[in-house]
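Biologist: Could we go through the salt bridges and then the sheet? Please begin with the criterion.

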Amino acid sequence: MKNTKNMRSKLILLVLFYLAAGQAFPQEYKIPKNSGKLILNLQHVIVTGYEGEDLVFINKTAEITAPDERAKGLKPLKPAGLEDNTGMGLHLKMNETDHVVTVDMIDQQNTDFFEIKVPRGISSVTINTGRPSVFLRKEKSITARSLNCSLEISAQGDVLLENNTGPLNVSTYHGNIEARFGPVMEGPISFITSMGYIDVTVPESIRATVDMATGTTDGNLFAAEELNIVPVEDARNRYDAMLKRVIGKINDGGLHLNLRSTSGNIYLRAASGL
């Protein structure tokens, strides 16, 4: 009994310590939505597909802070003119006619890190980071995983993709793109970065027509020998001697896979057993 009381006392003291220090605790907000489209205008986010009926928003870095007593009775004003209708610094707008949910960051200088769980019934997800704040942390850029819908990303920073089916249209500035696919892939798939590398792992059994190009003397193209890419034409740009490009078929061709970097290497790997 005495040990139990001591443990409770220590737990209470620990919680009070975190509260006093403004320690981050996840905040969660959810809405029933398992169909339609999702548009995310966020800078630092993990988007995960799951078997559920709700869109779930989790602020992974929200801090518990004491309320501003001077602000009582006043309404917060934000430069974008949007209201925080989630309690976690986000504005959600639902268009029932077009079945679209749009999510905006209230404060573009906010560096909070969000996780969003997306039901399997959502037909498409669009992520747009916009112009990053001066506090941009590349380790908190964009991650998308286990999505079985159309995915479009326009980012500034690194993009990590895991086990998404596609179609995929991903572009980023000043960042790397890493993608690993499972056994199910749906094209077209396009990855473009202006300053970074592209590293993609596909099933060894994939049927695809691949178009790989890098436009710098420092960039090179690499592919797994198991993929046995068969060139279909000489795609070297005769007007730009710096361009390195290969167009070829894997297992007689199939979905279109477009990989482009203006200043970085491109790696195409094979995963056996998929």
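Modeller: A salt bridge here is a side-chain nitrogen of Lys or Arg within 4 Å of a carboxyl oxygen of Asp or Glu. This is a predicted model, in which local features need pLDDT of at least 70, side-chain atom pairs count only at pLDDT 80 or more, and totals for chains, interfaces and linings use all residues. Residues are numbered from 1 along each chain as its sequence is written, and side-chain values use heavy atoms, with hydrogens and water left out.

Biologist: How many salt bridges does a search of the whole structure find?

Modeller: The search finds six. One of them joins Glu28 and Lys30, at 3.7 Å from N to O.

Biologist: Which residue does Lys60 pair with?

Modeller: Lys60 forms a salt bridge with Glu115, with 3.4 Å between the closest N and O atoms. The two are 55 residues apart, Lys60 in the loop between strand 4 and strand 5 (90–95) and Glu115 in strand 7. Strands (E, at least two residues) are DSSP runs, numbered from the N terminus.

Biologist: Is Glu115 buried or exposed?

Modeller: Glu115 is buried, at 11% relative accessibility, whereas Lys60 is partly exposed at 37%. Buried means under 20% relative accessible area, exposed over 50%, and partly exposed in between (1.4 Å probe, protein chains only).

Biologist: Now the sheet: what is the strand order?

Modeller: The open sheet of 10 strands runs 1-4-7-3-9-11-13-15-21-17, with mixed pairing. Its edge strands are strand 1 (27–32) and strand 17 (221–223). Two strands pair if DSSP finds at least two bridges between them.

Biologist: In which sense do strand 17 and strand 21 pair?

Modeller: They pair in the parallel sense, over three bridges. Leu221 has Ile266 in strand 21 as its bridge partner.

Terms used: Helix = DSSP H or I, 4+ residues; strand = E, 2+ residues; numbered from the N terminus.
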